[in-house]
Amino acid sequence: MTETLSIYLYDENLNERAGKLASNLNIPLVRDIPREKESFKLCFGEGKVFLQGGGMELVPDFTDLSDRVKPGRLNTEVLVKACKIKGDNNTTVFDATAGLGEDSFILAAAGFNVILYEKDPVIYELLLNSWERGRKDPKIGAILSRMHIYSGDSTEALSMLTEKPGVVLLDPMFPERKKSGLIKKKFQLLQKLESPCDDEEGLMAAALKGAGKRIVIKRPAKGPDLAGRVPDFSYPGKAVRYDCILINS
Ligand SMILES: C[S@@+](CC[C@H](N)C(=O)[O-])C[C@H]1O[C@@H](n2cnc3c(N)ncnc32)[C@H](O)[C@@H]1O
């Protein structure tokens, strides 16, 4: 984390979750404070978990992605193409770098079962809460039921799987962060939590061990290969590309 985070509680119904996180992170849980958006904090309020700081607010919400999952749109998603395995209509994707689960949501909307692992406890809390809220929404609840969210390091989880998923998806934070002017303002708050991946080799080794058929890696369009591993093929895009590594079983 690049900036000190506080945890604020505005909704006593979320007391248990907020208290547990604060104790895990060994920081105080702040209550009864005037509302302001300047200081960097994770808020538990009105049934929602969200980030605030520098006058901005990030409330993760899967309904923001509704346009991308409209009929006809999904087949144009390069990520969906990259994860599709011929002759397998019931593929499980293991998202080893879940973040706020946007890529997983697109995949779940396209019919994949998705297992998500997020190692950062704060990002996990944001992800879990937006999933819980979304599950109650009749428009996206069924999509979210195909997403199974876990807190923890995916490299450990991948080495302990009893059944291999068809695809392992990797999207570790790229070392060269996007210039703040180039990303949506509210996502600048998320960047304060994420550190660039410091173990590309470990992530790649775990994926090679855990994937049944394919590893799909999201990279900046012109970024280097993850862990220096040359992919079998790639799906290029304007801003990002998807590298695919085939597993020979
Ligand atoms: C660039 S973000 C992923 C964004 C995601 N693809 C999305 O669509 O929202 C990378 C995330 O992977 C997480 N991460 C990195 N290494 C991980 C690991 N070994 N296990 C679990 N999560 C990891 C980071 O904490 C961060 O939240």
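Asn-26 counts as exposed in this predicted model, because there are 6 C-beta neighbours inside 10 Å of this residue, and a residue with 12 or fewer is classed as exposed. Asn-26 sits in the loop between α1 and β2 (29-31), and its phi is near 60°, a positive value in a residue other than glycine.

**Residues in loops**

- Most residues other than glycine have a negative phi, and most peptide bonds are trans.
- Ala-227 also has a positive phi in a residue other than glycine, here near 55°, and Ala-227 belongs to the loop between β10 (214-220) and β11 (233-235).
- Asp-120 is found in the loop between β7 and α4, and Asp-120 counts as partly exposed because it has 17 C-beta neighbours inside 10 Å.
- Asp-120 and Pro-175 are 55 residues apart along the chain, and their C-alpha atoms are separated by 17 Å.

**The chain as a whole**

- The chain contains eight helices and 12 strands.
- The radius of gyration of the chain is 18 Å, close to the 18 Å that the globule rule gives for 249 residues, and therefore the chain is as compact as a globular protein of that length.
- Taken along the principal axes, the box filled by the C-alpha atoms of the chain is roughly 55 × 40 × 35 Å.
- Of the 249 residues of the chain, 33% count as buried.
- When contacts between residues at least 6 apart in sequence are considered, 66% of them join residues at least 24 apart.

- The chain is divided into domain 1, which covers residues 6-58, and domain 2, which covers residues 62-246, and the C-alpha centres of the two domains lie 26 Å apart.
- How many residues of domain 1 are in contact with domain 2? There are 13 such residues in domain 1, and they are in contact with 12 residues of domain 2.
- On the side of domain 1 that touches domain 2, at least two residues come from each of α1 (15-25), β4 (48-53) and β5 (56-58).
- The residues of that side of domain 1 divide into eight nonpolar, two polar and three charged.

**The largest nonpolar core**

- In soluble globular proteins, nonpolar side chains tend to be buried together.
- The largest nonpolar core here has 57 residues, of which Val-168 and Ala-207 touch the most other members.
- Helix α4 (residues 121-135) gives the most to this core, with six residues, and the core draws at least three residues from each of domain 1 and domain 2.
- Ala-207 touches Ala-96, Leu-158, Val-168, Leu-170 and Ile-215, when residues up to four places away in sequence are not counted.

**Around the ligand**

- Which residues come nearest to the ligand? Of the 21 residues around the ligand, these are Thr-97, Gly-99, Glu-102, Asp-103 and Lys-119.
- The elements that give two or more residues to this shell are α3 (102-109), β7 (113-118) and α6 (154-159).
- By type, the residues of the shell around the ligand divide into eight nonpolar, five polar and eight charged.

Key. Residues are numbered from 1 along each chain as its sequence is written. This is a predicted model: local features need pLDDT of at least 70, side-chain atom pairs count only at pLDDT 80 or more; totals for chains, interfaces and linings use all residues. A residue is near a molecule or strand if its C-beta atom, placed from the backbone, lies within 6 Å of it. Helices (H or I, at least four residues) and strands (E, at least two) are DSSP runs, numbered from the N terminus. Ala, Val, Leu, Ile, Met, Phe, Trp, Tyr, Cys and Pro count as nonpolar, Asp, Glu, Lys and Arg as charged, and the others, Gly among them, as polar. A nonpolar core is a set of buried Ala, Val, Leu, Ile, Met, Phe, Trp, Tyr and Cys residues joined through C-beta atoms within 7 Å. A residue is buried if 20 or more other C-beta atoms lie within 10 Å of its own, exposed if 12 or fewer, and partly exposed in between; C-beta atoms are placed from the backbone. Domain bounds come from an automatic or database domain assignment. Two residues are in contact if their C-beta atoms, placed from the backbone, lie within 7 Å. The radius of gyration is taken over C-alpha atoms; the globule rule is 2.2 Å times the number of residues to the power 0.38.
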